[in-house]
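Trainee: I have a model open and would like to talk it through with you. Where should we begin?

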Amino acid sequence: MAVEASHKKVNFTASTTCEKTTSLENHMLANDKLVLQQNGIAARINTDLLVFKYFYFLFYGAVGTTFPFMGQYFRQIGLSDGQVMALNGVRPTIQLLFCPLWGVLGDRYIPKKMLVQFSLLIWLIMTISMAFLEPTDQVCQFVRINQTQTSVINSTTMKTGFFRKRRSDIEIEQIPLPKTEVLASGAGEIANQEEAQISGSGSITETEKESNTIETKQERPITEKTSIEKTNSRKDSEIKIQKRNELRQSPETLNQIFLTALFIILIIELFACPLLVLVDAVLLSKQNEENFSYGQQRVFGSLGYFTFFLIVGALLQNSFRQVCDDYNADFVICFCFFALITIITLVGTVKLPSMKHMQLHSGTRPSRRLISIFYNRHYVTLALYIIMMGFAHSLLENYFNSILMSSDVPYSSSMIINFFRFMGEPIALFFSSMILNRAGIINVLFGIPLVTSLNLFLSSFVSSHWHVIPLGFLDGWTYGISWVACATYLIGSAPDDCTATVQGCFQSAYWGLGNGFHLLIGTSLFALIGPTASLRLITIVALGTTVIFTFGLRDLHFSERNYYTVLTSKFERLFEGRVKCEVVPPSKGCGYKTSELSSLKNGDFEKKAGKKSVGAKKETKKIEKERKLDNL
């Protein structure tokens, strides 16, 4: 019995220890599972890329607060349409010339992080200085106009610009005229004792202002309506009294403002070039190493631009005030938002990676290596493709903006249209990696200009501002996919120490030449033959660019199936009989007519076969040279 009891105790203790070990193992397995889940979430977030998301969102947000509204700001000051167009042409010119230069500096001489921080600081200072272009004290004149002369009868100084005291509606206070008022008749007669006539661009003197203010205390003010009734009661019924802004009547002052704005925009665009060139180059290089999506980081830039553009646009819409019979917006809102967001962006650049430039390969110069890689038929046709895509995107974007501005759309409707129109770009950027992986980058590069050609053709039939929603969405989608595809393809072909140079050349072609051709050729075509014919003509050019790009793929060897390999295989099957018959003896006679067979000799066939063998030798030599260059 004692032995049985002892056996029972041993079995009980063994069972309890087994239960404890199993519970410990389950607990450890649960902890391991939790750790794995946390690691999976952390891997999905990738904290190293948060600083790039932060930079893109705020940088593009700062751009969206100010630069889309600069044309309206310059026109409000009084600049002409030609001067505004000249200011808009500065950006593509600077990007064409200086984007590659900044890329070379970042790759060779200056650390990229330091260059980004310095450029961002100069960009902030010079953009805020544009807020002071609008004069702070403007003069509103009351002018008497008849058939022979224009004379100023009164004027009032208004607080405008960055330092004005009140940003609400300003009521212009009319100072009554003195008793010695000059009433000019149709022949220019002077009816009273003193002559108070002043030139059209001048203003009344300080003594006259004092006499005017003294008389306001003694007599009832004379309003504009009563003065017009008095003039109408005269014999000369053609005299008119109007308000006008003195600044608009001073061409010298406006020319000085234009030259100052031109200098400021030159500096702004010069130091805005390296910001995206260098950050994009670093992110694309990390994409090749760590296998993440560049488009899913870049999508934060589109969201930032779209968000702050709508916020600032709504605030500007509610800030209009009457200034001398004109309604002016309060652009101080734009510059305040810009300053705040850019300062936050500048603080966040401290967390950017070091981005040091790579060491040079021994014995080879980077220019020679770039020429050996990119100086061929394929990349020349790809450059034409990139220029065409930049041209089409700039053209369609400005065309849709002009439709919304010319159709007098209510602000609520324009907000709805812009919301759905801008959603195409972030959606395309987010799904770009999935589309490129599944369809293949060559197929995407072939399909995007076809979709762009379709969008250009459909845009020629626009008859309502609501048509901008689907067409603008499609334009944003093609821009997002084409940008990611071209940038990824070029950086994947570039040497590791030349990524910023290649990215600078890409942005120079896309934004510099593409947007420049839009300003020079697109606007001229629209003015000469109208938008409908222009868009259909550019559709044909886009289709021709697709064909040229396809011919540029002839020298490449593909390891994967794509549209080009399918086309070439079909053509080979079509002409398979003729190709085989070129090297067969004349006794079989395939591919030749009977008359040709009688005239041909065996030596002629041998010459043809010899030519083919020489061509094959040349192709093999060319392939060997390309392999040697790849090994270097």
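Mentor: Let's begin with helix 2, keeping in mind that this is a predicted model; helix 2 is mostly covered, since 14 of its 17 residues are buried.

Trainee: What span should helix 2 have, and how far apart are its end C-alpha atoms?

Mentor: Helix 2 runs over residues 50-66, and at 1.5 Å a residue its 17 residues should span 24 Å, while the end C-alpha atoms are 25 Å apart, which agrees with that expectation.

Trainee: Moving to T345, what does it touch?

Mentor: Leaving aside residues up to four places away in sequence, T345 touches Y54, F55, L58, F59 and L120. T345 itself is found in helix 11.

Trainee: Is T345 buried or exposed?

Mentor: T345 is buried, because its relative accessible area is 1%, and buried here means under 20%.

Trainee: And T342, where is that found?

Mentor: T342 is found in helix 11 as well, the helix that covers residues 332-348. T342 is also buried, with a relative accessible area of 1%, and the residues it touches, not counting those up to four places away in sequence, are A62, L120, W123 and L124.

Trainee: How far apart are T342 and G61, in sequence and in space?

Mentor: They are 281 residues apart in sequence, and their C-alpha atoms are 8.8 Å apart in space.

Trainee: Let me step back to the whole chain. How many helices and strands does the protein have?

Mentor: The secondary structure comes to 23 helices and five strands. Of the 632 residues of the protein, 43% count as buried, and the accessible surface comes to about 34900 Å², with 61% of that area belonging to carbon and sulfur atoms.

Trainee: What share of the contacts is between residues 24 or more positions apart?

Mentor: Among contacts with a separation of 6 or more, residues 24 or more positions apart account for 80%.

Trainee: Now the charged pairs. How many salt bridges are there?

Mentor: The count comes to five salt bridges. One of them joins the side chains of R91 and E269, at 3.9 Å from N to O. That pair links distant parts of the chain, with R91 in helix 5 (residues 90-108) and E269 in helix 9 (residues 251-290), 178 residues apart.

Trainee: Are those two residues buried or exposed?

Mentor: R91 is partly exposed, with a relative accessible area of 36%, whereas E269 counts as buried at 10% relative accessibility.

Trainee: Which residue forms a salt bridge with R108?

Mentor: D497 does, and the closest N and O atoms of D497 and R108 are 3.6 Å apart. This pair also links distant parts of the chain, because D497 sits in the loop between helix 18 (468-493) and helix 19 (499-551) while R108 is in helix 5, 389 residues apart. D497 counts as buried at 2% relative accessibility, and R108 counts as buried at 16%.

Trainee: Which residues are linked with R108 and D497 in a network of salt bridges?

Mentor: R369 is linked with R108 and D497 in a network of salt bridges. A further salt bridge brings together the side chains of D107 and K112, at 3.6 Å from N to O, and D107 and K112 are both buried.

Trainee: Changing topic to the cysteines, how many disulfides does the count give?

Mentor: The count comes to zero disulfides. As for C273, the nearest cysteine sulfur is that of C99, 3.9 Å away, and a disulfide needs the two sulfur atoms within 2.5 Å, so C273 is in no disulfide. C273 counts as buried at 3% relative accessibility, and C486 is buried with a relative accessible area of 3%.

Trainee: Last one, about the surface: which residues make the nonpolar patch of about 410 Å²?

Mentor: That nonpolar surface patch is made by I427, F430, F431, M434 and F473. M434 lies in helix 16, which covers residues 432-439, and M434 is partly exposed, with a relative accessible area of 37%.

Terms used: Residues numbered from 1 in each chain as written. Predicted model: local features only at pLDDT ≥ 70, side-chain atom pairs only at ≥ 80, totals over all residues. Heavy atoms only, no water. Buried < 20%, exposed > 50% of the residue type's maximum accessible area, 1.4 Å probe, protein only. Helix = DSSP H or I, 4+ residues; strand = E, 2+ residues; numbered from the N terminus. Contact = heavy atoms within 4.5 Å. Patch = residues over 30% accessible without salt bridge, like charges linked within 9 Å, V, L, I, M, F, W, Y side chains within 5 Å. Areas by Shrake-Rupley, 256 points an atom, 1.4 Å probe, with all protein chains shown as cover. Salt bridge = Lys/Arg side-chain N within 4 Å of Asp/Glu carboxyl O. Expected span 1.5 Å × (residues − 1).
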